[in-house]
Amino acid sequence: MAELDPEIAAHIDAELGRQREGLEMIASENHTAAAVMQAQGSVLTNKYAEGYPGKRYYGGCEHVDAVESLALERVKALFGAGFANVQPHSGAQANASVMHALIRPGDTVLGLNLAHGGHLTHGMKINFSGRLYDIVPYGVDESTHRVDMDEVAALAREHRPKMIIAGWSAYPRQLDFARFREVADEVGAYLMVDMAHFAGLVATGLHASPVPHAHVVTSTTHKTLAGPRGGIILTNDADIAKKVNSAVFPGQQGGPLEHVIAGKAVAFKIAASEGFRDRQERTLAGARILAERLIRPDVTEHGITVLTGGTDVHLVLVDLRDSPLDGQQGEDLLAAVDITINRNSVPFDPRPPMVTSGLRIGTPALATRGFGEEAFREVADVIAETLKVGAAGAAGTDNTDGTLDGALTGLRERVRGLAAAH
Ligand code: PLP
């Protein structure tokens, strides 16, 4: 590539440097295995394979059939599901396919409000979900910041949705899947659980599984699951499985990405290993340590507010509504010390979505790099100190000896040390 296209090669090299020298703490990101990238860079990318294993519309599919069959068997075993589809190109395509399979345009759907941690595909106005379906959003409670199942039940009784979506992109606690199913059954709705964020935790038994409760489960494969970018759909219902298969192909997609499906198969194999469970345990421990050390006043002087007071999963949501710092400034400060996170609206956020009053900070990629408890304590303290220095600067009470830049240089050195050691 360096000879054929030196510009692209240089950009890829620079991105490798960025990933090595900094710390990736975007909660939806991870570092996938070299073997997954080998699969994605293989000759399977050349092959058209519309259809499903044994029932293709193209010749020469014997090897991709074997690959896709392995991916299917592995993902069903990993999550204890009777049926699977591994062809969705992404999490959004998986969700679109399930809605296409089970409900009709104009039907009512209950989904978690985007501003309270839901995903675009759970009903955002200009997403396909918001345009095609009549969305009734449910939110989190204003004082606990947790999903209020009584509100979900009341909205379901009032609006009689055809589908209820449970799942999130920014929420630090586990959902009650059994209760969601009770509500869905009461009003005759399908329950779709989107476990994109926490699939790696489910695969290792560290998070309740939605598979026994939901009619259908969707996921991405590249977040906590640490595989290639892509989507999957799982169900235990043969009739739903049939509808889902025809909604994915030919309903939503053409030829499957067999090189990515091979990468998914490799990732599912890795996810079934002991080492992967250890990684997910460190992911959870890291998030817990991060929440504890941000909150503790003796570490951060005044303490930093963390939504719900902690976390049960791989991420922490920092609440800056009462801080002189906004989400954009928090994201920029952490970027200045080479920690990549994303600003995120918090529920009832007074600031606009491009600014926000929240930070979403996740631990999966650092756990993949081998971070243990001591390293997570150090990164938590660097984040706390960076935000503290920034807040003092923003409030005009900067009493650090040097400039803001001076204080951040020392913090960036600590980040470089952690990156070099992992
Ligand atoms: N579902 C949830 C809960 C997500 O958080 C995301 C992505 O962030 C998706 C679906 C969409 O996945 P993709 O970006 O692969 O389309």
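Which residue stands opposite Gly358 in S14? The residue facing Gly358 there is Asp319. Welcome to this predicted model.

- Three strands form an open sheet in the order S11-S14-S13, and their pairing is antiparallel.
- Its edge strands are S11 (315–319) and S13 (342–343), each of which pairs on one side only.
- Between S11 and S14 (residues 358–362), the antiparallel pairing runs over five bridges.
- Helix H11 (residues 274–295) packs on this sheet, where it touches S11 and S14.
- The direction of H11 makes about 20° with that of S11.

**Lys223**
- The UniProt record, an unreviewed entry, annotates Lys223 as "modified residue: N6-(pyridoxal phosphate)lysine".
- You can find Lys223 in the loop between strand S9 (216–220) and strand S10 (231–235).
- Lys223 counts as buried because it has 26 C-beta neighbours inside 10 Å, and the cut-off for buried is 20 or more.
- Leaving aside residues up to four places away in sequence, Lys223 touches Ser28, Asn30, Ala196, His197, Ala199 and Pro364.

**Around the ligand**
- The ligand is surrounded by 15 residues, and the closest are Ser90, Gly91, Ala92, Ser169 and Ala196.
- Helix H4 (residues 91–102) gives the largest share of this shell, with three residues.
- Sorted by class, the shell holds 11 polar, three nonpolar and one charged residues.

Terms used:
Residues numbered from 1 in each chain as written. Predicted model: local features only at pLDDT ≥ 70, side-chain atom pairs only at ≥ 80, totals over all residues. UniProt positions renumbered as here; feature names shortened; annotations may be inferred. Helix = DSSP H or I, 4+ residues; strand = E, 2+ residues; numbered from the N terminus. Buried ≥ 20, exposed ≤ 12 C-beta atoms within 10 Å, placed from the backbone. Contact = placed C-beta atoms within 7 Å. Pairing = 2+ DSSP bridges. Axes fitted to C-alpha atoms, helices over the stretch in contact; angles between N-to-C directions. Near = placed C-beta within 6 Å. Nonpolar A, V, L, I, M, F, W, Y, C, P; charged D, E, K, R; others polar.
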